Amino acid sequence: MSHINLTADTFNDYAEREGIVMLDFWAEWCGPCKMFGPVFEAAAAKHPDIVFAKIDTEAERELAGHFQIRSIPTLMALKDGIVVFHQAGAMMAGQFDQLIQAIRDLDMDKVRAEMAAQQD
């Protein structure tokens with residue numbers, strides 16, 4: 001599966017689902033975004049069980065503002081509706097593969113317990 005393009009109208013349909021959702025905040029004029037694009041596409045083809053979504057920060061300014069996107073590309077990952085990774089900057093393919101594996105390996109029960117402990 002290739003990536004999908006998310007908008008403010010479709011964001012929650014994907015962000016709140018179970019599983020992994022990888023978000024790439026980008027813009028057409030951004031050189032590093034263009035360099036990272038093929039890495040993102042290749043990972044999408046390699047991991048069909050993960051949702052790979054691109055958000056055009058020029059077209060979706062409100063969504064970019066909501067997530068306080070200050071530089072692009074910014075990569076965000078959600079697992080079971082929880083943000084588990086958020087970092088600006090492009091990645092090399094090997095780094096991106098390692099990130100995907102680390103997110104796959106996350107124990108979400110432990111993540112939720114840590115979040116609950118922080119709220120207390």
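## Strands side by side

In which sense do β2 and β3 pair, and over how many bridges? In this predicted model, the two strands pair in the parallel sense, over 6 bridges. One place to look is Val 21, whose bridge partner in β3 is Val 51. To get from β2 to β3, the chain passes through α2, and this β-α-β crossover is right-handed.

Strand β3 also has β1 (residues 4-5) as a parallel partner, joined to it by 2 bridges. Here Asn 5 stands opposite Lys 54 of β3. Because 5 of its 6 residues are buried, β3 is largely enclosed by the rest of the structure.

## Helix α2 and its kink

Now follow helix α2, which covers residues 31-46. At 1.5 Å a residue, its 16 residues should span 22 Å, and the end C-alpha atoms are 24 Å apart, which agrees. Still, look for a kink of about 30 degrees at Gly 37, shortly before the proline Pro 38.

Gly 37 is among the buried residues of α2, as are Phe 36, Val 39 and Phe 40. The helix's buried residues pack against β2, β3, β4 (74-79) and α4 (93-105).

## A buried glutamate

Finally, find Glu 60 in the loop between β3 and α3. Is Glu 60 buried or exposed? Its relative accessible area is 15%, so Glu 60 counts as buried, the cut-off being under 20%.

Glu 60 and Ala 8 are 52 residues apart in sequence, yet their C-alpha atoms are 6.7 Å apart in space. The side chain of Glu 60 reaches the backbone nitrogen of Ala 8 at 3.0 Å. Beyond its sequence neighbours within four places, Glu 60 also has contacts that include Leu 6, Thr 7 and Ile 55.

Conventions: Residues are numbered from 1 along each chain as its sequence is written. This is a predicted model: local features need pLDDT of at least 70, side-chain atom pairs count only at pLDDT 80 or more; totals for chains, interfaces and linings use all residues. Side-chain values use heavy atoms; hydrogens and water are left out. Helices (H or I, at least four residues) and strands (E, at least two) are DSSP runs, numbered from the N terminus. The expected span of a helix is 1.5 Å times one less than its number of residues. The bend at a residue is the angle between axes fitted to the seven residues ending there and the seven starting there. Buried means under 20% relative accessible area, exposed over 50%, partly exposed in between (1.4 Å probe, protein chains only). Contact means heavy atoms within 4.5 Å. A polar contact is a pair of N or O atoms within 3.5 Å; within protein, one must be able to donate a hydrogen and the other to accept it, and residues adjacent in sequence count only if both atoms are side-chain atoms. Two strands pair if DSSP finds at least two bridges between them. A crossover is right-handed if, with the strands pointing away from the viewer, the path from the first strand over the helix to the second runs clockwise.
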